[in-house]
Amino acid sequence: PFRYLPFTRGIKYFLKVLIPSYAAGSIIGKGGQTIVQLQKETGATIKLSKSKDFYPGTTERVCLIQGTVEALNGVHNFIAEKVREMPQSAQKPEPVSILQPQTTVNPDRVKQAKLIVPNSTAGLIIGKGGATVKAVMEQSGAWVQLSQKPEGINLQERVVTISGEPEQNRKAVEIIVQKIQEDPQSSSCLNISYSNVSGPVANSNPTGSPYANTGEAGLTGMGAFPAAMSSLSGNDLLAITSALNTLASYGYNTNTLGLGLNPAAASGVLAAVAASANPAAAAAKLADGAKDVVEIAVPENLVGAILGKGGKTLVEYQELTGARIQISKKGEFIPGTRNRKVTITGSPAATQAAQYLISQRITYEQGVRATNPQKVG
């Protein structure tokens, strides 16, 4: 009997994938044989940025795949396989200090898939109040994070970082390809070279995705943080981030900020932050002694990450930033939620810096738990 096939069957879509330098060779193959074969088998067209043409702020090449939904998923499965085969030489375990240029690859990269989607598709992936991204995580079992929307830069896209086991990542990518299918503007960013992108250099934070300074968008996108986060003043956070971005652009690894690094190094970074933001404004801020009070909602199971062993992390953050940080007592939740209230008091710059450290710490902790589910306490 004759069956109507869904009309999308033959329609071609685009998917952009980030490929770490170490995996590019095995995807292209000797004299390009592997990529030619892959195109034959899947019917997709695959383009790769040149060998030193990386996505801003990363050492990853951009791969543009055009084909049917089946072809996009097929090619991505192949790429994911090659990304998982990280050569031993790339993962040197020595601790990276904050002032050491980043030459090694984050060993967690093998558990990640990184896609670049236009802002319009990103909106569909996040969904209202983060509902869709939450559902994607629940359905796939993978952890999904979107980089923050870059402000005022001629870059109309965001990076989606997916972390988990191979099968979980595969499911998450399939759901995202579905969202690409639903977005009429999904083919609005088809460039693979970014040499003309001006604007801040992306920071090398744990997701490795540009502009993911875990500000408002990063956190609300996670779906775990209610409206308290959105009262954040963007400018101060931007000042802190731009300073970190400056460090990152010189190849310094700013990942360790707030992840138990020694106070001297961090104070140095925060001092650099204050200086590189408009110095006059910074001085005026300090002079007027204005006190800001910021409240953040933190899920109960993540409070321990901010407290640290015997409250050590919390004390460290207060020393680094000069802000006072208080956490509501055990069992005292923000009404209607399982979130504890964290109150930060201090000068505007201090509260922003403290907020930045706390949000970095939470994002990092969520990433660790996503990749090691047995560690959840």
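Figure 1. Buried means under 20% relative accessible area, exposed over 50%, and partly exposed in between, with a 1.4 Å probe and protein chains only. The model is predicted: local features need pLDDT of at least 70, side-chain atom pairs count only at pLDDT 80 or more, and totals for chains, interfaces and linings use all residues. Residues are numbered from 1 along each chain as its sequence is written, and side-chain values use heavy atoms, leaving out hydrogens and water. C63 has a relative accessible area of 1%, so this cysteine is buried. C189 is buried too, at 13%. The whole structure was searched for disulfides (cysteine sulfur pairs within 2.5 Å). The search finds 0.

**Figure 2. The chain as a whole.** The chain has 377 residues, of which 49% count as buried. It holds 13 helices and 9 strands. These are DSSP runs numbered from the N terminus (helices H or I, at least four residues; strands E, at least two). Take the contacts (heavy atoms within 4.5 Å) between residues at least 6 apart in sequence: 72% of them join residues at least 24 apart.

**Figure 3. Helix 1 against helix 2.** Helix 1 spans residues 21–28 and helix 2 spans residues 33–42. They pack at an angle of about 65°. Their axes lie 5 Å apart. Axes are fitted to C-alpha atoms over the stretch in contact, and angles run from 0 to 180 degrees between N-to-C directions. The two helices are therefore roughly perpendicular (65 to 115 degrees) to each other. On the helix 1 side, the contact uses S26, I27 and I28. Helix 2 supplies Q33, T34 and I35.

**Figure 4. T121 in helix 4.** Which helix holds T121? The residue sits in helix 4, residues 119–126. T121 counts as buried because its relative accessibility is 0%. Residues up to four places away in sequence are set aside here. T121 then touches K179, I180, D183 and S186.

**Figure 5. A142 in a loop.** A142 lies between helix 5 (131–140) and strand 5 (143–146). The C-alpha atoms of A142 and N169 are separated by 5.8 Å. Along the chain, A142 and N169 are 27 residues apart.

**Figure 6. L320 and A354.** L320 belongs to helix 12, which covers residues 312–321. Its relative accessible area is 9%, so L320 is buried. How far apart in space are L320 and A354, C-alpha to C-alpha? The distance is 8.2 Å. In sequence, L320 and A354 are 34 residues apart.

Note on methods: Angles under 35 degrees count as roughly parallel, over 145 as roughly antiparallel, 65 to 115 as roughly perpendicular and the rest as oblique.
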